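Look at the charged pairs first. Then turn to a loop contact.

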Amino acid sequence: MHLRILIILSALFALLWGTSCRKDFEYAESNGHLSFSRDTVYLDTVFSNVGSSTYTLKVYNDTKDDIIIPNISLRNGSESFYRLNVDGVAGKEFVNTPIYAEDSLFVFVETTIDITDNSLNELLYTDAILFDSEPFQQTVELVTLVKDAIFLYPIDANDNVETIVLYNDETGNPIEIEGFELPDTHLNFNREKSYVIYGYTIVPKGKELVIDPGTRVHFHENSGILVQEESTITINGELSSDDILFENEVIFEGDRLEPEFDDISGQWGTIWISAGSTSNTINHLTIKNAELGLYVEGQTNEPEKTLTITNSRIVNSSRYNLWARSANIDASNLVLGSSGNSSLLIENGGSYSFTHATIANYWNKGFRFNPSVTISNTSKTNSENGFDLLEADFKNCIIDGNSSNEISLQANNEHAFNYTFQNCFIRFDINQSATNEDILYDFENEEHYLNVILNGELDYFSPVDNDFRIGLDSELINKGDINSAITTPFDIIGTARIPDPDMGAYQSIEKDL
């Protein structure tokens, strides 16, 4: 009996040992029989000397034999700007890489590319991953567009990180951030190269930052622009002929250029216009994917304009698109799209005029607590201190979103609270018990509401994509006030709106089939 058991165990051991030997030593060469998840890996667009994301290539062995790849390498050799990781091992060349029958392996690809030719603003860099050698060699192409840029860092001459006091909190403690003042040599941004900003760049007192048409400004995480008191920013974007490239638009966005980051909110900080900064002007600017698109502080009852903003879009901010406090703002042809909170927040009173604005919040990245538009003559952090809301006038505007009530009016009954909506669309449920007896929402009172449309079909092109152009089935067609429209005779993309103005920033057009 014991002898029989020993014989059986010996046979099993021999079988297992033989199987192990086959797995370890008996491989067929690949001989051109590999297949790949893609024939070209596009590493999208990167800035010079800035590392890319990691891209994945999957290599398949579809045969019923365990095979070995004699060599995996880069066509440009050890000088290649690409880096590989093959099944967890980093390098640029790999020898005798096995793949079991009907199995696969992962190849991860990254790059950091340096443009050394100062005459080039961008470069298409190519290489290839080579599998095996001739006559069985197979290749997967690698392609990356590299853009040169002007990088602005909060680093002083001694390589120390500079910090600034952004503000003092409620207890008087200073809130510091990485930041630096712009030198005179960088007070005019132009379209020749993109700008990449790390930390907060500050416009010095008594200085003006001028940004030319077609300029692209990219912000790293926790970065932005601070326009401090007694300084100004002037953004001179122009109408573009191409509504995809927006070649004359000024664009502020994050510094991740890969397509998957195109609609990720909260990638960078904010554009902050401080109290005491006046006569700021913005034309044809797009701000996207910030935490807080534009934060504008004014001084109480300031007669001078804090900001004039025209033909501009602020979309996909994780907090607010436009947050104004005690400011004096004149806005026309303005789009405030989706955001994680209110698209427009007005606090501590001030003076505001919005003409042909589309304020529409179709946030779909989580729950949104506040309506698209919130107007208050106090502060959300300190409701005891009130300020006069001298005016908040909306003419030919859209106030809309994916909630039933998209406007909130918050008056403290001690300070002035002046507001008017003329020829506007407002998404509002008049039967909601919390507001149906509030005189602030008496839509029959022509002192505050004149020719207002509550709810209806707007026929947007694609609100979830922040495309708030309206089609020919919109109920807003020809519903704008002609006298208000005369001050803004063309819409945000240059379409004439006279003599039949529609509500909002866009005139209606036929949708593409």
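A salt bridge is a side-chain nitrogen of Lys or Arg within 4 Å of a carboxyl oxygen of Asp or Glu. This is a predicted model, where local features need pLDDT of at least 70, side-chain atom pairs count only at pLDDT 80 or more, and totals for chains, interfaces and linings use all residues. Residues are numbered from 1 along each chain as its sequence is written, and side-chain values use heavy atoms, without hydrogens and water.

The whole structure holds 15 salt bridges.

| Pair | Distance |
|---|---|
| Arg256 and Glu258 | 3.0 Å |
| Asp467 and Arg469 | 2.7 Å |
| Glu229 and Lys205 | 3.4 Å |

Glu229 sits in the loop between strands E20 (224–227) and E21 (232–236), and Lys205 in the loop between E17 (200–203) and E18 (208–211), so their pair ties together parts 24 residues apart in sequence. Strands are DSSP runs of at least two residues, numbered from the N terminus.

Arg256 is partly exposed at 33%. Glu253, Asp262 and Lys288 form a salt-bridge network.

Asn412 lies in the loop between strand E33 (407–410) and strand E34 (420–422). Asn412 counts as buried because its relative accessibility is 18%. Its side chain makes a 3.0 Å polar contact with that of His415. Such a contact pairs N or O atoms within 3.5 Å; within protein, one must be able to donate a hydrogen and the other to accept it, and residues adjacent in sequence count only if both atoms are side-chain atoms.

Methods. Helices (H or I, at least four residues) and strands (E, at least two) are DSSP runs, numbered from the N terminus. Buried means under 20% relative accessible area, exposed over 50%, partly exposed in between (1.4 Å probe, protein chains only).
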